[in-house]
Amino acid sequence: MNPYWSKIAQEITPYQPGEQPVDMNYIKLNTNENPYPPSPAVLKALAVTADHKLRLYPEPSAVELRKVIAAYYQLVPDQVFLGNGSDEVLAFSFLAFFNPDDTIVFPDITYSFYPVYCSLFKAKHRLIELTEDFSLPHVDLLSGASQGFIIANPNAPTGRYLELERVEQLLKANQSRLIIIDEAYIDFGGESAVKLINQYANLLIIQTVSKARSLAGLRVGFALGQQGLIEGLTRIKNSFNSYTLDRLAIAGAIASFQDQDYFLTSRDRVIQTRERIVAALKKKGFQVIPSQANFIFISHQHHKAEQLFAQLKLQGILVRYFKQPRIENYLRVSIGTEQEMDTFLTVISALIKEGD
Ligand code: PMP
């Protein structure tokens, strides 16, 4: 503890991202990155943009990218907000829409950054207990005082998808509360709630180019919602950092949205691999939560997840393990290339055989 730290720096427990090892060539199935490279059109756009103009600031609202994203989702540019990764968009959402002491509701098993933002921005949170199979229960979820609801759809780390009809029920029943749908993984099989935006003023969707578009290293996330919500986010951004997106990020993201064929092909490859691996793991006796994401959440009755995690790591395969009540016997495994997943399957099959 450093004597100059503020109270908040002393008290907060920061979010812990998955490991990004530098020491060894792991098969990296631990941070839900896309195993395929970004579109060649993106790499070309980055190379072309890396020129003398880097001495200039970027256009602060990144309007060119907002136009491209708006056209892609049949919205207008004023319904699109951009940030340095969707984590930053989430952080700005807390400042734009919630006050200290507000209560924010989210599931007990979900993206572990949400409670960290609550601590950072002094909001309270209330957890909704997911059912045994990690589904959202069919009850009046938001009864009681609360100002907002955050739901990752598909959820992380389970991969479970909430049908659009249920998302709409939530929006309809809670028009006085902001509902944030974190759709970081929506492109891997779910249906986005984006078509509900013009109907529901309380809907904010957050997405990213980090997953289905293979651009986690570029740091571009975005929010979609009615104009008033986007204006609120913009007020916060412009009170924090005018230039959250750099010139390269803007150019790369534009090129990604313009290469639809590449996006669909690499996204479909991930989905196909996921389905093949799920079937194979089930045959080996694993329980697999149904996933519409680029990762799967698995457990085995006779083998402790923590041990499997450590043994996989020793053999050069990194997956994610959360030592947390209810999920301490699960592993989250990102979907890699066909070859990486074959190796994963061979290694984990040998491990469960050894232990029998
Ligand atoms: N939401 C969820 C549910 C995530 O899993 C992640 C990735 N860790 C993010 C948001 C943040 O993604 P990014 O900041 O790379 O856009």
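How many salt bridges are counted between domain 1 and domain 2? The count is 1 salt bridge (a side-chain nitrogen of Lys or Arg within 4 Å of a carboxyl oxygen of Asp or Glu).

## About the model

This is a predicted model, in which local features need pLDDT of at least 70 and side-chain atom pairs count only at pLDDT 80 or more, while totals for chains, interfaces and linings use all residues. Residues are numbered from 1 along each chain as its sequence is written, and side-chain values use heavy atoms, with hydrogens and water left out.

## Two domains and their interface

Let's start with the overall layout. The domain assignment, which is automatic or from a database, gives domain 1 as 7–37 + 261–355 and domain 2 as 40–259. Their centres, taken over C-alpha atoms, lie 24 Å apart. Contact (heavy atoms within 4.5 Å) links 35 residues of domain 1 with 36 residues of domain 2.

Between them the domains bury about 2,800 Å², 62% of it on carbon and sulfur atoms; this is the accessible area (1.4 Å probe) lost on being put together, summed over both parts. On the domain 1 side, Tyr15, Phe263 and Arg326 lose the most area to domain 2, together 27% of what that side buries.

The elements giving two or more residues to the side of domain 1 that touches domain 2 are α1 (7–11), α9 (260–283) and β10 (295–300). Helices (H or I, at least four residues) and strands (E, at least two) are DSSP runs, numbered from the N terminus. Helix α9 gives the most to that side, with 8 residues.

Now for two local views. In α5 (residues 113–120), Phe113, Tyr114, Val116, Tyr117 and Cys118 are buried, meaning under 20% relative accessible area (1.4 Å probe, protein chains only). These buried residues pack against α4 (86–97), β3 (103–107), β4 (124–128), β5 (148–152) and β6 (178–182). Just after α5, Lys122 takes a positive phi of about 65°.

Ser146 sits in the loop between β4 and β5, and counts as buried because its relative accessibility is 8%. Among the residues that Ser146 touches are Thr103, Val105 and Arg126. The side chains of Ser146 and Arg177 are joined by a polar contact of 2.8 Å.

Definitions and conventions:
Buried area = accessible area lost by both parts, 1.4 Å probe. Buried < 20%, exposed > 50% of the residue type's maximum accessible area, 1.4 Å probe, protein only. Polar contact = N/O pair within 3.5 Å; in protein donor to acceptor, adjacent residues only side chain to side chain. Lists of a residue's contacts leave out its neighbours within four places in sequence.
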